[in-house]
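Reader: I am new to this structure and would like to go through parts of it with you. Could you show it first?

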Amino acid sequence: MTMTVTTPPAKSPARSGGRLSDRQKDLLQKFAALGSLLVLIVVFSLTSSAFFTVNNGMTIALQVTSIALLGIGATCVIITGGIDLSVGSVLALAGVVAALAVKELGMPVPIAMMIGILTGSLCGVINGVLVTKMRLPPFIATLGMMLIARGVALQITGARAVSGLGESFGELGNGALFRVVTIGDDGFPNVAFPGIPYPVILMVVIALAVALMLNRSVLGRHIYAVGSNAEAARLSGVNVSGVTCFTYILSGSLAGLTGCVLMSRLVTAQPNEGVMYELDAIASAVIGGTSLIGGVGTISGTFIGSFVIGILRNGLNMNGVSAFTQQIIIGLVILLTVWIDQLRNRR
Amino acid sequence: MGYGQTAGEQPRAPQSAAQGEPLLALENITKEFPGVKALQGVSFNLRRHEVHAVCGENGAGKSTLMKIISGVFPPTSGRIVYKGQPRQFASPLEAEAVGIAIIHQELNLVPHLSVAENIYLAREPRRGFLIDRRKLRADAKACLDRLGVAVDPDRLVRELSVAQCQMVEIAKALSLNAEVLIMDEPTSSLTEQETRLLFKVIHDLKAAGVGIIYISHRLDEMAEIVDRVTVLRDGRYVATDDFAMTSVDEIVARMVGRSLEEKFPERTSRPTSDVILAVRGLTRNGVFSDIDFELRRGEILGFAGLMGAGRTEVARAIFGADAIDAGTVTLEGRQLVIRSPRDAIAAGLAYLSEDRKAQGLAVKMPVDANMTLANMDEVSNRFGLIDFAKHAKAAREYIDLLSIKTPSIKQPVRLLSGGNQQKIIIGKWLFRKSRVLFFDEPTRGIDVGAKFAIYKIMDELAAEGIGVVLISSELPEILGMTDRVCVFHHGRITGVLETARTSQEEIMHYASGYGRPDSRH
């Protein structure tokens, strides 16, 4: 025998089709999302006079916080090639736990809310362990968590809303910074500027922090590396299990925070809150260009994606479009943007 | 095994190749990929009643040529004439439809379907909307009987051996009434007995008028079945001969083309007696056992052996990618405790995988991110934030050092050629200041010119005192680059040879498990 060699691997196939360079396609994707956001704003401003106002802007920002916070967590998980279906249930559980800590245990609100957030973190830890140590597919692991967290939330509240939490519980969700109120001639308070709601500040700070983490930190680089090629990352010394776990814990913690914010806004803890929110979170990430195959995604994209969803809802509401039609339209938008993503990634 | 057999010792197959118009002719075929000319002006023809072997080293263009014939992609230029008519196949389905079938080395069967369902996949006999199961089974049985293979058509493919799967693939090709059958390394995973059966089937097909293109590295087997042989080298046509009129030596000479000295750089590093890496009694149950070797400063140590002999597995275990059951690894006098690749990397070991895309590179990420991935601490501050100035400087430094051709440091690595990808992986480990590098098939699928560059880098590393282990299935590469060779057979090292005083034959002898050549008879 002269040689024993396997067949040579095929020469890397030519990238055919697609006349645009990758950079151009990335820009196209960014502008597709951002452009559609601008188009939405223009259209709604023309069709409804109440749309383009400071007040409504703050309302939208407030409505978008929950989608954006969950979307930021979802983005990190999806970049590693995973998925987190449990966040809608986890936020309900976290909010309920925080409320019960105040009402049943008499804890101060900040500590109770911290416990709520940690409840979300714990759910994230469990998701991470199920995925990395027990090697369950992320879809299944977080599907299980979705059912379990919701079940626990319903169980500990007896499926009833927890109310009578006191004014301080509502501060986080309803308070605002730089609120300007003048007393009018008639003696009634006149809101000159509604202020920036605390949840909006929270959303912006966390988005900036996570964007910094993804773009500039070693941890962020490792998150992309795991999603791009987990085996290559492992053989380069990346702690793949640790990095993967981290993204689930981040997602769970953000779900916990979202739960506290939402329940605070209502000053009531609803165990049925947040149903299907995980799908909004995933949709905002995907609209923003995050690839479900992993390795690709940005916080800025997800931010735009969550505003696309939020503004669609708000604008359609203002134009009197029924909730059913809204679902149809949002569904179509998701399909359209993911299709553009497919075009971008087609080889 | 067929070691040492030559054409002269084997009974020749009856020469039944009909002369006259070829069944299939390729004229002046050229195929270009971005940055690579895979084929340049290759001509080839196949007659009925003929087994025509295509030989060449890795990267010679055999696979590309077969993909053009079977319609996977079109040639950049050139003509395909099939049964006297010029043809262009837009897809493998079109080629199949006119009777050109290919049996890939990595078999294309659906494991969870039965043999019969696989043979008639997407062509199931129907009765109305439903599959006619009885006819499906009967037709499949007829196909298998024609081959003389005793495989139950109702068995699931995942329960079959590799050889049986191969027979199912052949049966599928027959059911297509294939007139041209391409076999890519059909015997690489077969036992000798299974190979016999395959050869009998090939004889029968040949007698029935099928033209067979046979790709194999096992020149020794070819004598039994091959009528003509075409040699390709570096994407160019070299020669076509009647197998009876040539010899294995002549074919090898044509495949290699140049003498070894020209293919490999002059070695500048000199082995010393200073041991960098010592491995003692390394065992992974059921995979390899009692592996002992020493790597000395300045030398390149080769790991030779057949596929599956345990070379890659040993390297991966030393690197912590797979667990070991016993044994010690000592690096520069310190005994290492390695539980994961992270431990090995921290200690100064590096493993360059044989499968670059699956295990070596984060292909969606840019050049700079891949280059620094194993040593992020060096380019970040104590808060874990990346210092992008240092990051870019590191990437540029190794791009220059290794002459990596890339439009920018931000280019995604999947868009680079194989040679440049390999250099990025080397750069990654050099930036990590690795002390010992395991190169696992570093030149697989790489252009000839880039191969030379990789060899030169390996020599320079050894000269700088970095330990280099070269795992290779290509014996010329082992002979051309190493100072000593560990030969593996069935998970053991059967011999450690001085490269200067050994030969391909001696290495193959140890690799086949015969022990010392003089104790052979």
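Reader: Which residues of α4(B) are buried?
Author: The buried residues of α4(B) are B:L136, B:A140, B:C143 and B:L144. A residue counts as buried if 20 or more other C-beta atoms lie within 10 Å of its own, as exposed if 12 or fewer do, and as partly exposed in between, with C-beta atoms placed from the backbone.

Reader: Where do they sit around the axis?
Author: They cover an arc of only 95 degrees around the axis, which puts them on the same side of α4(B). The arc is that of the directions from the helix axis to the C-beta atoms.

Reader: And which residues are exposed on the other side?
Author: B:R134 and B:D145 are exposed there, on the other side of α4(B).

Reader: What covers the buried residues of α4(B)?
Author: The cover includes α3 (115-119), β8 (130-131) and α5 (162-175) of chain B. Helices (H or I, at least four residues) and strands (E, at least two) are DSSP runs, numbered from the N terminus.

Reader: Is this a predicted or an experimental model, and how is it numbered?
Author: The model is predicted: local features need pLDDT of at least 70, side-chain atom pairs count only at pLDDT 80 or more, and totals for chains, interfaces and linings use all residues. Residues are numbered from 1 along each chain as its sequence is written, while chains are lettered from A and ligands numbered from 1 in the order in which they are written.

Reader: What is the average pLDDT of chain A?
Author: Chain A averages 87, and 90% of the residues score at least 70; pLDDT is the predictor's confidence in each residue, from 0 to 100.

Reader: Where does it stay under 50 in chain A?
Author: The pLDDT stays under 50 over residues 1-19 of chain A. Where pLDDT is low, the predicted coordinates should not be read in detail.

Reader: Now β3 of chain B: how many of its residues are buried?
Author: In strand β3 (residues 50-55) of chain B, 6 of its 6 residues are buried. B:E50, B:H52 and B:V54 point one way from β3(B), and B:V51, B:A53 and B:C55 the other way.

Reader: Which strands does β3(B) pair with?
Author: It runs parallel to strand β10 (residues 211-215) of chain B, joined by 5 bridges, and B:E50 has B:G211 as its bridge partner there. β3(B) also pairs in the parallel sense with strand β11 (residues 228-233) of chain B, over 4 bridges, where B:C55 is partnered by B:V231. Two strands pair if DSSP finds at least two bridges between them.

Technical notes: Two residues are in contact if their C-beta atoms, placed from the backbone, lie within 7 Å.
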